Structure formats: C-alpha cells, structure tokens
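Open the model in your viewer and keep the sequence panel beside it. The stops below say what to select and what is there.

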Amino acid sequence: MQWEEVRKIYPDQYVKLQILGSHTEGNNKFVDEVALIRAIQDPQEATKELLQAKDGVIVSHTANDKLKVEIRTLRGLRGVVQHEN
C-alpha cells in the first residue's frame, strides 16, 4: 500500500505501519510501500507504540505529506572499564 492510500483511508490519524519498501537519499529513508498494522486514536498510545517500535515498524500521522525516517548513526566512546576490588 502506498502512503497516499493510507492518508486517504485514515485522515488525521496516527497509524502503525510495517515498511515494505524504501529508498535512501542522504540521511533520509523515504518509505515507498507499507502494510498497515492498525490505526491509533490516542496520541499517548501512538507515542508509546513509536518508542517500542522495531524491525521496520513505524508510527506516523497521516497529516504528513511524505513518509520519511531520518537515519542517525550512533557514535559511542570506546574505552576500558576497570573494576577495583
């Protein structure tokens, strides 16, 4: 299903989606095809679902024209942890 179709069927709602197809431009992943998991009425529930999402699952609001995900690289510190007895 295309994002435009989801927006027409579920206007002004949060939706939980599985990404089926996407392409990358710079630091953005543009979603081309999705499978609707479910519509979410409560904004707090949508936030909770978004924070728990993984493996290509996203939550978005249908007011957004484009469906894109910013790609961020995690950079951490490398070091040695020493424990003293």
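**Start at L17**

Select L17 and show its surroundings: leaving aside neighbours within four places in sequence, L17 is in contact with W3, V6, V34, A35, L36, I37, G56, V57, I58 and L67. Contact here means heavy atoms within 4.5 Å. This is a predicted model, in which local features need pLDDT of at least 70 and side-chain atom pairs count only at pLDDT 80 or more, while totals for chains, interfaces and linings use all residues. Residues are numbered from 1 along each chain as its sequence is written, and side-chain values use heavy atoms, with hydrogens and water left out.

**The core**

Next select W3, V6, V15, L17, I19, V31, V34, I58 and L67, the 9 residues of the largest nonpolar core. Such a core is a set of buried Ala, Val, Leu, Ile, Met, Phe, Trp, Tyr and Cys residues joined through side-chain atoms within 4.5 Å. Buried means under 20% relative accessible area, exposed means over 50%, and partly exposed lies in between (1.4 Å probe, protein chains only). α1, β1 and β2 are the elements that give two or more residues to this core, and β1 gives the largest share, 3 residues. In soluble globular proteins, nonpolar side chains tend to be buried together.

**The whole fold**

Now switch to a cartoon of the protein, which has 2 helices and 4 strands. Helices (H or I, at least four residues) and strands (E, at least two) are DSSP runs, numbered from the N terminus. Along the sequence they follow the pattern α-β-β-α-β-β. Of the 85 residues, 25% count as buried. Among contacts with a separation of 6 or more, 61% are between residues 24 or more positions apart.

**The sheet**

Colour the strands: 4 of them form an open sheet in the order β3-β1-β2-β4, with antiparallel pairing. Two strands pair if DSSP finds at least two bridges between them. β3 (57-61) and β4 (68-70) stand at the edges with a single partner strand each, so one side of each has no neighbour in the sheet. On average, neighbouring strands of this sheet are turned by 50° against each other, direction ignored.

Zoom in on β1 and β3, which pair in the antiparallel sense over 5 bridges. Here V15 stands opposite S60 in β3.

Then show helix α2 (residues 43-52), which lies across β1, β2 (28-40) and β3 and runs at about 125° to β2. Axes are lines fitted to C-alpha atoms, for helices over the stretch in contact, and angles run from 0 to 180 degrees between N-to-C directions.

**Q13 and the loops**

Go to the loop between α1 (3-9) and β1 (14-25) and select Q13. Is Q13 buried or exposed? Q13 is buried, because its relative accessible area is 17%. Not counting residues up to four places away in sequence, Q13 touches A39, Q41, S60, H61 and T62. With the side chain of Q41, the Q13 side chain makes a polar contact (3.0 Å). A polar contact is a pair of N or O atoms within 3.5 Å; within protein, one must be able to donate a hydrogen and the other to accept it, and residues adjacent in sequence count only if both atoms are side-chain atoms.

In the loop between α1 and β1, select D12. D12 counts as exposed at 63% relative accessibility, and its phi is near 55°, a positive value in a residue other than glycine.

Finish at D55, in the loop between α2 and β3. Phi of D55 is near 55°, again positive in a residue other than glycine, and D55 is exposed, with a relative accessible area of 66%.
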